[in-house]
Amino acid sequence: MKQELYDLAERAIKIGKSSGADDCRVSIGGERFVEIGYRDRKPENIREASTKGLRVEIFVNKRYSSQSTSDLRPDSLKTFIGNAVASTKLLAEDPFRTLPDPKYYQGRATIDLKQYDPDYEKVSPESRHGFVKAIEESCLAKGGDKVISVTARCYDGHNEQLLMTSNGFDGYQEASVFYGAAQMTAKDEGDRRPAEYGAAVAMIRKDLPKPEDIGAEAAVRTLSLLGAKKLKTETLPIIIENRVVSDFGDGFMQAMFGRSIQQKQSFLADKRGQKVASQVMTFIDDPFIPGAMGSGIFDNEGMASRKRVMIDAGVLKEFYVDWYYSRKLGWEPTTGSPSNVILPPGKRSVKEIMKELGRGIFITGFIGGNSNSTTGDTSIGIVGQLFEKGEIVHPVSEMNIADNHLKIWQRLAEAANDPYPYSPVRVPSLVFTDVVVSGI
Amino acid sequence: MKKITRRDFIKSGATAAAAAMAIPTILSKGWYSFAQAEAAGYFEREFGITEVMCRKVLAEALAKGGDFADLFFEHTISNFLILEDGKVNRAASDVALGVGIRTVKGDQVGYGFTQDLSEKAMLAAASTAATIADAPGKEPAGKFVPLKTKNYYPVTTLFSSVPLDAKLPLVQSVNDKCFALSPSVIKVNVVFHDQQKRILVVTSDGTKAEDLQPKSYIAATVVAEKNGKRERSSWNYGGRQEFSYYTPALAEKLAKRTVDRALVLFDAIQPPAGEMPVVLGPGVSGVLLHEAIGHGMEADFNRKKISTYCTMLGKKVAEPFVTIIDDGTIPHLTGSINFDDEATPGQKTVLVDKGILTSYLHDKISAKFYAVKPTGNGRRESYQQYVIPRMRNTYMLAGKATPEEVIKTAAKGIYVEDVANGQVKIGEGDFAFYVSQGRMIENGKLGAPIKDVNIMGNGPKMLANIIMLANDFEFYEGGAGACGKGGQAAPCGFGQPSALVKSLTVGGVKG
């Protein structure tokens, strides 16, 4: 389909230019996917399709708009882009809206990122059903008589993306994705029916764990929530489990974007070069990890990717600044699109850290909550386990943590040795001290 | 990264709306027959979709048996106008066109979709859907009878017929009014969104239903600065409204509400942590009703026995003065639907009647399981997804007390004025929601403003712990919100009177 995407992009740019646009940027994506869900040892749903969509950004008379459509019939596309160019001319002038200087397209890495599994086309319907059945069976077996319901799911897709600009950029990426998951609901005291999931996602099929492990993870995690209690409000150390660190860290990341800074909605705006976290916090944006979902040799605007140390031993070094906001701020652009988030792992396991901490909460999930990127205030519900002297005591429910991002990251005490592999946020479990955990 | 358990309600302010709209605008006129507001015949007229073709595709979907099959055609045009730094300098639009084909066998669903509305492509998608069944083929109905329903959001002027130069001054005026209201205002973002969604549902049992669903909102975000401190506030108005709804008076109201709310935050504190009485203010606090209670009453969760409400049908779940309704028939409200996405007419469903749980929210699959009629809650985000039970407009009826009496009875606790988002764990019933603005209640009166605090609780417990309702019922008038479930977003509305909950956990900063 690669040539088909190129032909379509070239046609869209030609229509844009002939309709009066000064410049255009076109992105086209196509995907073929299959999704299968199992429940009660039979398929609950099967979904399969191919999709294609086109987005064109129009720059005309220092004015800007972006349009997307899945109606790619030639006549429709011609009228769609022609009208879009005409309408864009009616907007207010914005001299900061241009395509990036082509010099930022230069220096693209030549690394093979291994994001497409060459065996993708060999995945058969039988192997998909076998994979998802194995997940379900494993979860049912491990969950035993506590099981109320188990849903198992698998998804695989092959996608292609093309980005092309009228000032000389084109970039094509092909990727595959494989996903397996189970969710179990268990019998608990009274009417409580705790549910948890186990899941993994990878770009190369062999990087997925065994389906039996995914099912067992869902069961073990669900059973660990039985008998949850609410504690009295207390100031405690917390360990945030690797797979949910991103849910908490998002509140911090939001303040690192050029838009937040230029729009005066960032608590980090004036903190470059300052210590915003403890020594433990080194945060690297690394787009060059083979097989990782956040990897790419160019970003969403076509600018060549770079590995960047965003925070170095607690000191804020860089922001995520795209081309537009770099011009508004008068700064050098970096990128507006984070790639893989890396925080170097520590040396000890969560279990070892728990032993030393005494009493604390191991947070395995969050509920609701939010973060204010202007002030840094955050408050979020937690799911997890009370531990004492290295041993799990019981799960906790209906509890919450509240803090400010400018303060809590200064109390980051340790990173465990378990970076999470199934996400672009490849961070280990993190330990924070002196956190108010509110309950009764 | 997919998450199975996440189920949250996002009330997008202008910022979130701008960020969420991944892509694109401004189709002031076009190549489709925009001037024709009537729904009937649209897909045949514009895309050549005939009954003969539909019957053939449905026959393919039932080629291996199955209980029934349906086709869901969609053509949606969404537009955004965005103001930043004083000028409407960005526009975006999106066109979604496609058909989803579903084959249902018991509680099993086969689903295929295509963006290509040719017969060949549709037959291929139908063939995918058919794989869920494994019996001799069935024939769909011989003819399709048009579904007739009331229209809860009649459109006299399509958004695509409203010229851009009529929309631009509206957006600009909100910005100008915000700056005029206070010298502390340093940044304003405004987003105007309009959408017209055309759908055609054709079912194998012989129903054909066409609709034109408008949706729109105007949202403002204000950043204010005072003594070196910054605060941000967002608000929006909208629903299934057409352009005439967006008057200069509404722009004024939006600007005033957004600025006033930003300014009050300079005096706001984070409340102490712990359990305390909570008064949920009228209108927007209905997010909590939606999260903590509504989701647990969606029938798919109960059919699978994973909702905490699955054993409570016919039982007392609240005090006798509590009645909760889910309703698709409120004119122009965000969650209203003339019929749902499997052609069941829009209707009003009483979930809790004077404290007794009387019904779940059903699609066709769960209705068959429970041997009841579908309640018109079968909804989907787009042609790319299959139907699941979803709320429409969920609300709690008013009580008899005055708001002052409710606050006085609470004595000491917090009063919730605005809620940013929430989430529930269906099986446990545990929920959390984020209070972006509220007040302390001290000595039975409203005290200092509060902000940015999470509230935790358990849905069934909270419902049982509603001890007083006021006579100040309001529907939430925003249009920017969307409910997320199973990876699908759907527009939902909500409302409630001031309600006193005996005790909830407030996630404050100190004990």
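**A walk through chains B and A**

Let's start with chain B, whose domain assignment gives domain 1 (8-267) and domain 2 (274-507). Keep in mind as you look around that this is a predicted model. The C-alpha centres of domain 1 of chain B and domain 2 of chain B sit 23 Å apart, and the contact between them involves 44 residues of domain 1 and 39 residues of domain 2 of chain B. On the domain 1 side of that contact, several elements of chain B each supply at least two residues, among them strand E1 (8-11), strand E2 (68-84) and helix H6 (248-264). Which element has the largest share of this side? That is E7(B), with seven residues. Sorted by class, the side of domain 1 of chain B that touches domain 2 of chain B holds 20 nonpolar, twelve polar and twelve charged residues.

Now step back and take in chain B as a whole. There are eleven helices and 25 strands in chain B, and its C-alpha atoms fill a box of roughly 70 × 55 × 40 Å along the principal axes. How does the radius of gyration fit with a compact globule? For 511 residues, such a globule would have a value near 24 Å, and chain B has 24 Å, so the two agree. As for burial, 63% of the 511 residues of chain B count as buried.

Next, find the open sheet of six strands in chain B, which runs in the order E12-E11-E10-E15-E24-E21 with mixed pairing. Strand E12 (356-357) and strand E21 (474-475) of chain B are the edge strands; each has a single partner strand, so one side of each is left without a neighbour in the sheet. Further in, strand E15 (residues 393-396) and strand E24 (residues 493-496) of chain B pair in the parallel sense over three bridges. To get your bearings on that pair, look for Tyr395(B), which stands opposite Gly495(B) in E24(B). Helix H7 (residues 286-294) of chain B packs on this sheet, touching strand E10 (324-327), E15 and E24 of chain B. The direction of helix H7 of chain B makes about 105 degrees with that of E24(B).

Over to the contact between the two chains, which takes 85 residues from chain B and 69 residues from chain A. On the chain B side, strand E3 (residues 87-105) of chain B gives the most, with twelve residues. The residues on that side of chain B divide into 35 nonpolar, 30 polar and 20 charged. One place to look is Ser65(A), whose bridge partner in E3(B) is Ala91(B).

That brings us to chain A, which is divided into domain 1 (2-105), domain 2 (120-160 + 169-223) and domain 3 (228-440). Domain 2 and domain 3 of chain A have C-alpha centres 26 Å apart, and their contact takes nine residues from domain 2 and six residues from domain 3 of chain A. On the domain 2 side, the elements that give two or more residues are strand E5 (170-186) and strand E6 (195-202) of chain A.

Note on methods: Residues are numbered from 1 along each chain as its sequence is written. Chains are lettered from A and ligands numbered from 1 in the order in which they are written. This is a predicted model: local features need pLDDT of at least 70, side-chain atom pairs count only at pLDDT 80 or more; totals for chains, interfaces and linings use all residues. Two residues are in contact if their C-beta atoms, placed from the backbone, lie within 7 Å. Helices (H or I, at least four residues) and strands (E, at least two) are DSSP runs, numbered from the N terminus. Ala, Val, Leu, Ile, Met, Phe, Trp, Tyr, Cys and Pro count as nonpolar, Asp, Glu, Lys and Arg as charged, and the others, Gly among them, as polar. Two strands pair if DSSP finds at least two bridges between them. Axes are lines fitted to C-alpha atoms, for helices over the stretch in contact, and angles run from 0 to 180 degrees between N-to-C directions. The radius of gyration is taken over C-alpha atoms; the globule rule is 2.2 Å times the number of residues to the power 0.38. A residue is buried if 20 or more other C-beta atoms lie within 10 Å of its own, exposed if 12 or fewer, and partly exposed in between; C-beta atoms are placed from the backbone. Domain bounds come from an automatic or database domain assignment.
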